[in-house]
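Dear colleague,

Here is the structure I promised to pass on to you. Please look through it first, and then read my notes below.

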Amino acid sequence: MENALHPRPVLTARAAGLVGCRNCGRVHARGTPHCARCGSRLSSREDGSLQMVWAWLIAGLIAYIPANIYPMLLTKSLGHHAESTIVGGVFDLVDHGSYGIAAIVFTASIIIPVGKFFAIAYLAWIVGRPGRTRGHRHTRLYEVVEFIGRWSMIDVFVVAILSALVQLDFAATINPGIAAVSFALSVAFTMLSALSFDPRLIWDAEEAPQT
Amino acid sequence: MTEHSPAEMEIEPPRRSFWRNLSVVWLVPVIAVVVSLGIAWQSYADRGVLVQLEFQNATGIAPGETVVKFREVTVGTVETVGFTADLARVIIGARIDKAVAASLPPDALFWVVRPQLSARGVSGLSTVLSGVYIDAAFTPVAGSSAKSFKGLEEAPLVRPGRQGTRITLRAKNGNQISPGAPVLYRGVEVGQLEAPRLAPSGDGVIVNAFIASPHDARLTTATRFWDLSGFAVSIGASGLKLDVGNLAALVSGGIAFDTIFVGGQPIGEDTVFDLFPEESAARESVFNSVGANAVRLSVEFTESVNGLSSGAAVMYRGLRVGEVVAIGAEASATPAGRSVVLRATIAVDPGAIGLSANMPADETLNFIDGLVADGLRAQLATTSIFSAKLVIELNPVTDAPPARLIRRPGDDPLMPSVESDLPNFTATAEGVLERVNALPIEEVMAQAISLMASIEDIAREEGTRRAPDALVKLLDETRGLIGKDDTQALPGEIRQAVAELRGVVADLRAAGTVDRLASAIASADKVAGDLAAASGDFPQLVTGLRDLAAKVNALPAEDLVASATQVLDSARALIGTDEARALPPALTGALNEVQAAVAEYRASGATARLTEALVSANQAAADVSAASADFPALVDQLSAVATKVDALPAEDLVVAATKVLESADALIGTEEARALPPALTAALGEVQAALKELREGGAVANTNAALASARNAADAVAKATEALPDITARIERLVSQAGTLVDAYGARSDFNAQTLAVLREVSAAARSVAQLARTIERNPNSLLIGR
């Protein structure tokens with residue numbers, strides 16, 4: 001089936017002796033050290049890309065643990081003290097019947113980060129394993145991950161805005177918890193991880209049989 | 001074109017070592033891990049110690065939210081809320097700061113602070129918004145590691161570490177005592193009460209109190225506590241007294257204390273004090289410092305001890321020397337049989353009667369025994385005239401029968417008692433009050449006023465003013481009558497008659513009549529003496545008569561006076577007539593006849609008969625004398641009757657009498673009445689003629705016979721008088737019956753009405769007499785002839 005879908009091998013830039021600038025997109029002959037247009041360094045494949053991906057990814061995962069364990073918001077309302085974690089907040093919202101908002105928070109704070117972890121890990125794992133790649137599909141996946149990653153910060157934004165606005169002393173006060181920082185770090189790390197990934201690696205497997 | 005060129009040399013760069021190949025970025029997760037682990041370890045290391053708090057329930061406690069505070073600083077948080085194994089109680093797991101937990105002693109107190117509203121104010125208000133919290137109180141002990149505590153249901157009265165003294169109070173009941181009620185010293189709150197609880201014996205209430213540090217130094221054995229709760233109103237000889245505690249004490253109860261006397265011993269922890277119901281009782285309690293060294297005595301009473309209660313005072317001449325400890329009844333066997341005596345047990349403090357406070361009981365009893373020998377007796381007495389409370393007084397009784405303190409083994413010595421005069425006093429006072437109450441002051445006043453008004457009316461009456469004039473005229477007329485020759489001739493005639501009588505007397509004397517007469521007089525004298533004795537009762541009679549006079553006085557006498565005046569006028573007019581003036585000669589003639597008759601009489605030896613008659617009379621007098629012995633009783637009865645009569649309203653009678661007089665007046669005033677004297681004169685003339693005929697017709701002999709009959713009659717009277725005592729008795733009965741009768745006929749009775757009717761009939765009879773007089777005038781002979 002696979003062979004049936006991909007009857008002919010893909011010609012990669014490297015196989016064609018070319019190298020593209022990742023910055024401006026100009027194609028140079030292989031071996032050109034610097035881009036003639038923008039001057040950025042050219043390399044056919046980023047060295048250590050996967051290492052960096054994995055490193056950022058692990059850091060993001062580590063940061064994600066306290067982001068879920070520790071409270072995100074510290075709410076004090078009329079002396080009543082409340083701490084809510086991300087999941088706890090979702091459950092609270094569901095309890096109060098705000099299913100829409102609960103879904104948004106759940107998506108932005110749980111599904112997307114976790115999905116990113118899996119997506120990046122999957123991409124990093126699949127690269128270099130011949131016969132398994134679907135070049136186009138993986139590239140699309142990568143683009144989605146990179147695009148959507150920034151929206152994970154919505155939680156952090158909410159917390160930041162609430163903390164800035166709701167400072168009414170006794171009546172109500174909202175402060176960011178440890179989880180907010182952790183979550184922000186986690187998102188940042190995963191974004192870096194996604195950025196570190198060199199999507200050209202996806203195609204290496206396609207050309208492998210030729211090599 | 002490059003196909004046949006040698007393959008481009010694959011230049012493999014020397015394989016970099018693993019470490020060289022490692023990206024710097026790997027530092028980031030490493031650092032993240034390190035930081036995370038660091039944070040985790042720190043939070044674990046900083047985590048507090050979990051302690052178990054056991055509560056009855058977990059009202060308001062929320063895991064993760066409820067905090068534990070010590071001195072109002074948060075030192076922990078509740079983590080879990082669970083149950084004991086048997087679900088009987090709640091176990092709260094609280095995470096306490098390590099530093100604090102390290103010095104938690106096993107006796108640390110935990111309790112839940114909730115909002116509480118009481119008369120003393122609001123506490124725990126902050127918990128309304130923030131939710132309850134668990135408060136902790138303990139004295140930190142370094143190195144302690146207790147992990148399980150029993151929580152209190154309520155805030156403790158005394159927090160550990162607070163300086164002060166804890167005491168125990170004994171009260172009759174816990175009505176007015178509420179937990180946390182203040183303990184006041186001169187109005188300043190110096191401590192608090194805990195919750196009252198029943199004494200183990202069930203006959204009282206025990207409550208712990210805590211007196212804070214600087215003030216607990218005031219507590220000595222001389223301190224007395226009393227209840228401040230509510231109002232205290234007392235009415236006594238000193239007047240109305242109202243005690244009101246402060247508002248908090250009023251609502252939630254409170255107690256106050258004071259050191260009543262100097263010289264108390266300092267107290268230790270958990271000293272027991274009595275809680276008195278009121279301040280006065282607390283202060284008085286000092287005087288019955290019974291228990292220490294008081295001697296107990298029994299007193300038996302035969303009268304009612306109603307009003308005597310346990311705790312009542314025992315007074316010695318007005319000084320409190322002890323109190324009644326108990327009252328009871330006891331059946332005792334006496335020679336007359338079993339009887340119940342009321343017994344009061346009293347405690348007498350030797351210190352109060354001037355002995356040494358520490359004197360042995362035996363010596364105290366000896367001393368009291370000496371007092372008893374000198375006449376000291378127990379007696380019930382009232383405390384005041386308004387109160388029914390009784391006290392026992394120990395009073396010296398001068399004329400008491402000798403007695404001693406009766407000492408009985410196994411029982412209190414018996415002190416002799418005397419009957420009190422309580423009931424007499426009460427009865428007397430009541431009697432006096434009743435009498436005063438029954439006085440008819442209003443009626444007396446009304447009668448006095450009406451009497452004065454009547455007197456005033458009489459004095460003002462014209463008839464009263466005219467009466468003297470009429471009298472003067474009457475006197476003038478009389479003088480005119482006397483001045484006439486015929487009248488002046490009368491003495492001569494009378495003198496002759498007297499001479500004749502003297503002759504008769506002489507005869508009588510000759511016949512020894514005088515002795516009889518003397519004895520008769522003696523009898524009469526005796527009668528007089530008896531009467532005099534009887535008159536001893538007169539004062540009463542006089543009093544009754546005086547009352548009657550007063551009543552009569554009150555009667556409307558104007559009419560009477562007017563009528564009397566008219567009668568006098570009429571009489572004067574009658575005397576003024578010629579016929580009246582013609583009377584004296586006729587009289588003179590009649591006297592002459594009489595004189596002649598007497599002369600005849602004397603001649604016929606009538607004196608002897610007379611003497612016999614006198615003897616009979618004498619005997620009769622003696623009998624009367626004997627009968628008169630019963631007079632005093634009769635007089636009494638009469639007096640009673642007079643009193644009764646006195647009570648009768650006689651106004652109507654007087655009015656009727658007045659009418660009678662008026663009728664009489666009218667009678668006299670008629671022509672017929674004026675015509676009477678000539679008729680009488682004529683009649684006398686006839687009489688004179690008749691006498692003459694009689695004398696000539698041997699009337700004297702008839703007279704003798706008549707005198708004999710008279711003597712027989714006198715004898716019969718004498719016999720009859722022998723029955724006089726009986727008659728007297730009957731009269732007495734009659735009088736008493738009359739008394740009851742009069743009694744029965746009160747004001748406005750039928751009797752009065754009938755009396756009035758009788759008087760009216762008398763009035764009519766007088767009119768008939770007037771008609772009769774007219775008839776006689778027309779035919780004088782009918783008088784003698786009998787037709």
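Predicted model: local features only at pLDDT ≥ 70, side-chain atom pairs only at ≥ 80, totals over all residues.

**What was found**

Residues are numbered from 1 along each chain as its sequence is written, chains are lettered from A and ligands numbered from 1 in the order in which they are written, and side-chain values use heavy atoms, without hydrogens and water.

Over all chains, the structure holds nine aromatic pairs (Phe, Tyr or six-membered Trp rings with centres within 6.5 Å; planes under 30 degrees apart are stacked, over 60 edge-to-face, the rest tilted). The rings of Tyr142(A) and Phe197(A) have centres 5.4 Å apart and planes at 40 degrees, so this pair is tilted. Tyr142(A) counts as buried at 6% relative accessibility, and Phe197(A) likewise at 2%.

In chain B, Phe225(B) and Phe257(B) also form a tilted pair, because their ring centres lie 5.1 Å apart with the planes at 40 degrees. Phe225(B) is buried at 0% relative accessible area, and Phe257(B) is buried at 1%.

Finally, Lys69(B) lies over the face of Tyr133(B), 4.4 Å from the ring centre (the criterion being NZ of Lys or CZ of Arg within 6 Å of the ring centre and within 35 degrees of the ring normal).

Definitions and conventions: Buried < 20%, exposed > 50% of the residue type's maximum accessible area, 1.4 Å probe, protein only.
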